[in-house]
Amino acid sequence: MIRIAVCEDEQILLEQLTDDIKSILNKHSVMYSIKAYTNGNALLARGVFDILFLDIAMKPLNGLEIARKLRARGDESRLVFITAHQRYAIDAYDVQAYHYLLKPVDIEKLEAVLLKLYSLLKEECEHAVAIRQGTTVRRVPYEQILYLEVMNRKIYLHKNEETLPFYGKLDEIETTLPDTFFRCHRSYIVNLDHVRYYKKEEVWLDNETVVPLSRRRYQAFGLAFMYYLKNRGDVF
């Protein structure tokens, strides 16, 4: 399901755009939830969305100000600006906007943007871990993950230059990961793409991190790693 928000301070335009989005997604049998807001402060106080349609010319906060606040707190929503003026296009890209649509919104262009965004989000979901940090949801591509560990009811997702803590259960997240990830210890899951070598009680990653390998998982890890290397063509 994709989560969508529409923020437009003119009620008639808000209702029209919201109805058009619903019609397009229903037509293509896409599951969605959609919320409508008439001002930016109400939007900022609410939850996380995958796609945001923002009118630029709003008060007291305009669409660009809302977008900057969202980006400042780490929100990675796809932004689509609605504007009557092309001159805002450059500013829109400063906040990593996906697209902008001119008023009155052309239904065919809206459909093209929606379907492209749906395709991108679907692909991201299939190749990334989604984690919630406060009011923000981040998607971390599998290839960027070195390993995950659990400590004191928190999971720590480790990348090369960043560690992302979030609440969750390692047992649950393990079931969502592809075969390139292996539970080498009750508190650790490693990405085999980043394993350099292993020995009796340790797994060495390509950034020199050492992750514990439990004795009871040693044999299974060895088999999984050999299978992984064969699939890559590294061993015959």
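Two residues are in contact when heavy atoms of theirs lie within 4.5 Å. With that cut-off, and leaving aside neighbours within four places in sequence, D50 is in contact with M1, I2, R3, S77, R78, L121 and R139. The model is a predicted one.

## Overall layout

The chain has 236 residues, and buried residues make up 43% of them. Its secondary structure comes to seven helices and 15 strands. Along the principal axes, the C-alpha trace spans about 65 × 35 × 30 Å.

Among contacts between residues at least 6 apart in sequence, 50% join residues at least 24 apart.

## Nonpolar cores

The largest nonpolar core holds 21 residues, of which I4, I21, F53 and L114 touch the most other members. Elements that contribute two or more residues to this core are β1 (2-7), α1 (11-27), β2 (32-37), β3 (51-55), β4 (78-83) and α5 (107-126). Another core, of 18 residues, lies apart from it; L44, F49, I56 and A97 are among its members.

Not counting residues up to four places away in sequence, F53 touches I4, A5, V6, C7, L17, I21, V80, I82, L101, L110 and L114.

## D50

D50 lies in the loop between α2 (40-44) and β3. Is D50 buried or exposed? With a relative accessible area of 4%, D50 falls under the 20% limit and is therefore buried.

The contacts of D50 include M1, I2 and R3, along with L121 and R139. D50 and Y118 are 68 residues apart in sequence, while their C-alpha atoms are 9.4 Å apart in space.

## Helix α5

At 1.5 Å a residue, the 20 residues of α5 should span 28 Å, and the end C-alpha atoms of the helix are 29 Å apart, which agrees. The buried residues of α5 are L110, E111, V113, L114, L117 and L121. Seen down the helix axis, these buried residues fall within an arc of 165 degrees, so they line one face of α5. An α-helix has 3.6 residues a turn, so residues three or four places apart point the same way.

What do the buried residues of α5 pack against? They pack against β1, α1, β3, β4, β5 (99-102) and β7 (136-141). The face of α5 turned away from the buried side carries the exposed residues E108 and K109.

Strand β8 (residues 147-151) pairs with strand β9 (residues 154-158) in the antiparallel sense over five bridges. Within this pairing, E149 has Y156 of β9 as its bridge partner. The hairpin of β8 and β9 has two residues between the strands, and N152 there takes a positive phi near 50 degrees.

β8 also pairs with strand β12 (residues 188-191), again in the antiparallel sense, over three bridges. Here the bridge partner of Y147 is V190 in β12. S187 is found in the loop between β11 and β12. With a relative accessible area of 17%, S187 is under the 20% limit and so counts as buried. Leaving aside neighbours within four places in sequence, S187 is in contact with L148, E149, V150 and L170.

## Helix α7

Helix α7 (residues 218-232) has 15 residues, which at 1.5 Å a residue should span 21 Å; its end C-alpha atoms are 21 Å apart, in agreement. Buried in α7 are F221, G222, F225, Y228 and L229. Viewed down the axis of α7, the buried residues fall within an arc of 130 degrees, so they line one face of the helix.

Which elements do the buried residues of α7 pack against? They pack against β11 (181-185), β12, β13 (195-199) and β14 (202-205). On the other side of α7, Q219, L223, Y227 and N231 are exposed. Just after α7, G233 takes a positive phi of about 85 degrees.

Key. Residues are numbered from 1 along each chain as its sequence is written. This is a predicted model: local features need pLDDT of at least 70, side-chain atom pairs count only at pLDDT 80 or more; totals for chains, interfaces and linings use all residues. Side-chain values use heavy atoms; hydrogens and water are left out. Two strands pair if DSSP finds at least two bridges between them. Helices (H or I, at least four residues) and strands (E, at least two) are DSSP runs, numbered from the N terminus. The expected span of a helix is 1.5 Å times one less than its number of residues. Buried means under 20% relative accessible area, exposed over 50%, partly exposed in between (1.4 Å probe, protein chains only). The arc is that of the directions from the helix axis to the C-beta atoms. A nonpolar core is a set of buried Ala, Val, Leu, Ile, Met, Phe, Trp, Tyr and Cys residues joined through side-chain atoms within 4.5 Å.
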